[in-house]
Amino acid sequence: MSQFTPATADQLLALTVNTGIAELAQHSRFAAAEDDMVQAIVEGIGAFAAGEFAPLNRKGDLEGAVLADGVVTLPDGFAEAYRAYVEQGWNAISGAPEFGGQGLPFALACNVLENLGSANMAFTLLPMLSVGAVEALDHHGSEAQKAMYLPKLVSGEWSGTMNLTEPQAGSDVGALRTTATPIEDGEHAGKFRIAGQKIFITWGEHELAENIIHLVLARLPGAPEGSRGISLFVVPKYFVMDDGSLGVRNDLRCASLEHKLGIMASPTCVMSYGDNGQCIGELVGEPHRGLAAMFTMMNSARINVGSQGIQVAERAMQQALTFASERIQSARAGSPDKTPVAIIEHPDVRRMALRMKALTEGMRALYYYTAGQVDRGQLGDEAAARRAEILVPLMKAWATDMGCEVASIALQVHGGMGFIEETGAAQHFRDARIAPIYEGTNGIQAADLVTRKLGLGNGDDFARLMADIVADSEDAPALRALAGDCAQLAAWMREGASLDDRLAGSVPFLTMSAVAVTGWQLLRQKRAVAGGASPAQAATKPVTVDFFLAHVVPEAAGLKSSVAAGASLLYTLSAEQLTG
């Protein structure tokens, strides 16, 4: 596996152009995010990721997480790398200052996760889930809960998880059966006994952090059926004493580890709560409002899962381009010189290389634009907050789909050797495949877009986004036309399409919308580079942007008829005919 090099220049460009980090720094809340601080963070985390996390990527894939006698262990080096990550303060970048955080923009925390994940995607799931736990407790926890859990979650000394899925309740979270029974007397009076099993719990058990703070969805006695009857509970692995020290272990355990296609170093746990009737948890927020509270952490998780598309694409692309530069095979077609050349000289390999670069840089532009809108929402800009709501499903779904595509292209560049595990190219392909599935499948993201998100502001918010693209793309007619098509299709979906028709066209519509926003953000980067930004990219950025506009945008435009085709053909056959 080739050495990992952080994409520092492109990240700084995206933070400058797409996030608008300098504008954020003008607000007192983010005043510390000055140019020198931003550059120090991006360069520093890149160097840390390359030096500490990247060398463990292949080792983690080959050896994986192991469960023995109730204890999950990771390969040698993981504990030391995580300890260094915590000690250097990387986990606390955007944490609230009152709980030990640095209070910097969310966009910079995104940069930390991008670099770590490009170096080692499976390992980075550990801090990524903790970010979500911090958000949920910060927004919905009591003052006592915040004081007890947030300082060490923010620092990374403790890690966090989210527990939704059960064997009988996958995407339909409302079908969960885990129970929470009130405790009326004794030392735990006012708390709840948690009982049930959760599956697919990422980093649900390990020894890298001193404690694991599980956020668990469960039902109170007499709760309404479905999602309206779900409450959220904080359930620590070890009880936390009044003085902050750790007490005895709670009644919870990792029953087994899933055997997976990829992300081998990320322990995906089956968690059992209350085998002995003594698993104690505390209610977070209001009864029966657990799903809403959990969605606080799911939005940030979905943005950062979208980042995993960038992460795996960057690493896979780097390895493929190194291979293409070193692999000598055949003379250049049509050349009078019959000397074999590096395969990067052949037209189709050039096409694959440019496609990987255009998609990876496009995902990154969308990522940092989304993060910038989140940060503006935190500053009270309601329009930006609503725009971020629209961007979340685009970021999560399209970027993870493209991560899979780039990883597949990278494997293709290797030819037959890409199919052989020893090159390491297959690991990226295997690791990438989970991202379109978890944190809400990409089909669920598309359904969210065409139902809830298109209705924001009575439809005006999505229309305004597309209008902004149209107004700012006079020099990119294909992009301008794509944004216009997206606006027309959105109006049809809201005004004339049945629910089935909307859902049937939701996935191609999401792709069209994501490509429109991404093309716009890349166009802004191209203009900035032409104006002197990021001199290191003066030659490359215009080419990758032009490739995206000339190839990816027209492909997305071709999906228009699929979006508007409706659902009738999907139901022409009965279920028995379709599956028989």
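Predicted model: local features only at pLDDT ≥ 70, side-chain atom pairs only at ≥ 80, totals over all residues.
Let's start with two helices: H1 (residues 8–19) and H6 (residues 106–119) pack at an angle of about 150°, their axes 12 Å apart. Axes here are lines fitted to C-alpha atoms, for helices over the stretch in contact, and angles run from 0 to 180 degrees between N-to-C directions. That makes H1 roughly antiparallel to H6, given that angles under 35 degrees count as roughly parallel, over 145 as roughly antiparallel, 65 to 115 as roughly perpendicular and the rest as oblique.

Residues are numbered from 1 along each chain as its sequence is written, and side-chain values use heavy atoms, with hydrogens and water left out. Helices (H or I, at least four residues) and strands (E, at least two) are DSSP runs, numbered from the N terminus.

Now follow H6 to its other partner, helix H7 (residues 121–140): the angle is again about 150°, with the axes 6 Å apart. H6 and H7 are therefore roughly antiparallel to each other, and H6 passes H7 in a right-handed crossing.

On to a couple of loops. His288 sits between strand E12 (280–284) and helix H9 (290–326), and its phi is near 70°, a positive value in a residue other than glycine. His288 is partly exposed because its relative accessible area is 30%; buried means under 20%, exposed over 50%, and partly exposed in between (1.4 Å probe, protein chains only). Glu439, in the loop between H12 and helix H13 (442–451), also isn't a glycine but has a positive phi of about 60°. Is Glu439 buried or exposed? With a relative accessible area of 15%, Glu439 is buried.

Another loop, between helix H11 (382–413) and helix H12 (425–432), holds Ile420. At a relative accessible area of 36%, Ile420 is partly exposed.

Finally, look at Ala491 in helix H15 (residues 477–495). Ala491 counts as partly exposed because its relative accessibility is 32%. Its C-alpha atom is 8.9 Å from that of Leu454, which is 37 residues away along the chain.

Technical notes. Left-handed = near helix turned anticlockwise from the far one by under 90°.
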